[in-house]
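Subject: Structure handover

Hello,

Here is the structure for your files.

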Amino acid sequence: MTKIKSKALEANIASTYVDVTIDARYECIQDVMSRYFGLMEGVNTFLQELSHPYRNWQFIVNEARTYALDYFHLFQSHPRGVEATGVMVGIFNEVILADVDDTVRTDAIDNLLLYLQQIIGNSGERLPDFLPVILSSVHWIESCPDDHFFLFVNSYYPVKRVIRLLGDQADGNISDYSILNNLLIRTYAVTYEFWCDNKDPWESFLSSANQIHDPDCIRDCFSDISHDFLYDLKGQLNRIAEFPKQNDQFVFDQLLTLVDFSAIVESYRKMPQVLLEVGAQNGQGHHWKVIFLFHIMGISGLKLIHEEALRDINRTIGWLIQNESYHHISKLMERTFSILKNQVEQFPATTLTCVLNMGQAVYQTDEIDLVNHFIDRMVELGFQTPMLGGVGNDWQIQVNPAHLQNVRTWLELIECKPRWSSRLLSSLIIKLSLYGIFIKDTDLFPRDITRLLNSDIGPVYNLVKQLARLFPAYFNDIGAEGSLREISTQLDEITHRRDVLIHFLRKQSHVESSNRILRFIEAVLHFWKTMEKESLKPFVPPYIYNQIETQGEYIDGVNALFSTLSSKGMDLPSELLIEKDEEIRTLMDQSTDTDPVDIERVALIAAFYKLLHHKYQLDYKSLRHHIEQLDKESFPYLERLRIALDEPDLKQRLFMLMDYLENLKEIILSKDCYEIRADIYKKRHITIDIPSMYGSYHERKFDALGLTFRVESLINVLFEELVDQINLGLITRTTFHEIYERLALFNKALLLDGVQSVELEQQLDLLAHALEVRGFTFTQYLDIFKGFAVAVKNIINDYFNNIHGQNLTRILAQTPTDHILEKYLPREEELDAEKIKHRVSEIFFRDRIAASLGLQQLDLFLTRILNTLFHQSNMLPEDRLHLLLNYDSKRIITGLDQVNNKAVGIIYMGNKGLNLLKLKNLGLPIPPGFVVTTEAFRCREIVEGFAPVKKDFHQQVNHQIKRLETITGKQFGNPSNPLLLRSQWCCHLPTRDDGNLFGCRHQ
């Protein structure tokens, strides 16, 4: 296999040490491991964590397991091995008694029992030396409080197995069996008491299975787990425990014959298959099996087989869905989801696998009612939110590991039949919007986006785009490659890796790269600007945070430079994304007594920030940068996009960009599946054993979607500019022509975004016909634009409110406030539930509409038009409105040197004006000037009597005068250098002189 060339291969990851003194009691462990230099760095990190005041207990359990189990041979052969083994046992004991959740405690208990098993089985001839440590631990376990002791009883590694092994291996070396007997007696007593407190499994099964033809035959299957059997075991235990003390070894042997917790669990584990086989004769096997599986899931003591039972339920329900009636399947689905809801926190991965397989079977039935029923239950099940925490001392971001699997599970179900999955799409959009999404480069999520795009998304294209916009994964470089790696490495190396904050920033961007790195670098920039490090806390491990100094050589200089940039009017850090690198350097060079190294550091971090922003944000500002990274073979017409970006005419640029979007949409919706080119190199971070991944990912549909989003962000900005080009303070017939052109572009944009409105297209047709009819009234135009407003309102309802509204209400009702992103929550300390729901809904819908192509800009455009139309209709009587409708402000003035083609001709310019223009065109020396056309006199009542028209007319006249001032170098109204204007009337008016001279005031 050809090795992939990657600068990641050349990266040398520096060692990182925790500045904590290791407790002296762990010195014996260091001594045992000291002969193996390659292990010592990891051992010291582990012991430093143990000695740290803010310990990561899960990390400690994981590391303790590694050194206790994988390297016991070193302890067994070392002179201080027994002492070190006792310390290792003590570490597990410390975790068990610590204030930790039961998941960590259970992990520690399992590992302690496994460790004791390892010591007993692998000590060999040194077992007598280790026996005091083992017996001391046995006594410690027996004396644990009840809640902790039950976790030993219910452990994956049975107490009985450990004690039996000890009896076999240490036979002849155990002088006092009472320690072992006491532990066994308490273990059995707790076991039998627990099972007797649960409902008899036969009675539970009988009530759920309804009528059974031969109940006695079936009841025999339950003999090994029945209450009668348990009562008998309790009697045997009591009789054995009454034996006199001198018979301890005999008691020990008798105790080992009893049934323990794990044996009862094993009997439960076999029961579903037994019932399947017994019930096969009358066709009830699968029903009986699933009934008992449900029973298993309701017993907390069977947690060891809950995950297996969930998988078995999954398989059985899948069979039943394919072979049972809709009514029966619905009931099974209700029961299954009820169990899943109780188990999702403990077994999220298995629960999601069960949901996926069940859902895929449901979709295959082609029963849309059943699919909808399934989707309802799935939404109610809840969602694995990211639950982002800080960064642990193991350098890993604390995140819910089931979050990404939950996203992928929903996507795979949507892909089964997208047109049936609108509510599932909507729910996923809502959940990701409210809770956030966390994806690392190493997750290779572009593959998931490609799979989604390869499903039949055409009927729900707009919804898929709403969802896809939420994925921060539209980049081709996986990890930190190219310029990102070079610049981040330079930033770290310039201080010889001694700035702990920048060193960690660099490593995080290389190893745990995700869009979260943007927030991290913004926190660093905030720290450099303010010297306040509180904002860094969520992004760095505690031990690194404690090492960050708020003054000194790594902060003073860059802080002074940030002050200089701020004093020059730069808004930091946002304007670092806008300003060019050389301009930033020029501003910094103006600062006195500045270390060139600090100038270089600020310049490098600004470049680093830009590159990260380009990678993770769908910002049009990075569009050209993004185009350069695209695969030229997949996008052979990129030059057309570059030409469109450089087109000076705004309307033409928009049209060309949307034409290109149309090509991209054809690629995205194509039934073809394109080749995936993923050049990925995997490695592991040497220091903390974190997986790393470098390389690139290219696939035509994925790349087309990422490019689509970036082009759309530019088009939305251009739409705002296009609307601003029209004077909507005054609307005439001419304005309606300009408005129509823009509305046609908006309609094209909506169609590209998967939004189709028959109402909008009808109103466009109506407006087009109205512009051809001279007798169309102002009121009729007003009605057309009211129709446009209604059409947009209906689009918002159809594609947003109606699709998301009900789902949003349901999801908010079951969502704890602390799971919702901060941006949705009010700043007041008192959080009123109703206010929160209203605020969340408002922000959610605003964000969805703002992100869509052209819709928000169209809504604002129509609002401005209607406001002006209503104002004009209120200010003018009907005859004036008709006159206004026929008034053309574009024909009211023409220059002689800059000719307005709309106002040329004898009708508009009169004989004198037209003759002057002809003489000018013949090359004769006609002075510069302009003509106020007959349009001003035809519509004189409007020009003089309606303020917006009068203002527009004066603005045009002033514009022409300013041009004349520029041409002549003179100023209108300036006595010392007057611009003299001779007024000639374009038509003969009574009581008017042939000409007047203006430009000097009477002094």
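Which helix gives the largest share of the lining of the second largest pocket? That is helix 35, with seven residues. Please keep in mind throughout that this is a predicted model.

The second largest pocket holds about 1,700 Å³ of space. Its lining is made up of 50 residues, and those closest to the centre are Gly436, Ile437, Asn515, Leu821 and Lys823. The elements that contribute two or more residues to the lining are helix 22 (422–435), helix 27 (516–530), helix 31 (596–616), helix 35 (700–724) and helix 39 (833–851). Sorted by class, the lining has 23 nonpolar, 13 polar and 14 charged residues.

On the cysteines, the number of disulfides comes to zero, where a disulfide is a pair of cysteine sulfur atoms within 2.5 Å.

Cys221 is partly exposed, because its relative accessibility is 22% and the partly exposed class lies between under 20% for buried and over 50% for exposed.

Cys673 is in no disulfide either, and the nearest cysteine sulfur, in Cys416, is 15 Å away. Cys673 has a relative accessible area of 59%, so this residue counts as exposed.

Regards

Key. Residues numbered from 1 in each chain as written. Predicted model: local features only at pLDDT ≥ 70, side-chain atom pairs only at ≥ 80, totals over all residues. Heavy atoms only, no water. Buried < 20%, exposed > 50% of the residue type's maximum accessible area, 1.4 Å probe, protein only. 1 Å grid on protein atoms, 1.4 Å probe; cavity = no way out; pocket = protein on both sides within 12 Å on 5 of 7 lines; lining within 4 Å. Points joined across faces, edges and corners; volume = space filled by probe spheres on them. Helix = DSSP H or I, 4+ residues; strand = E, 2+ residues; numbered from the N terminus. Nonpolar A, V, L, I, M, F, W, Y, C, P; charged D, E, K, R; others polar.
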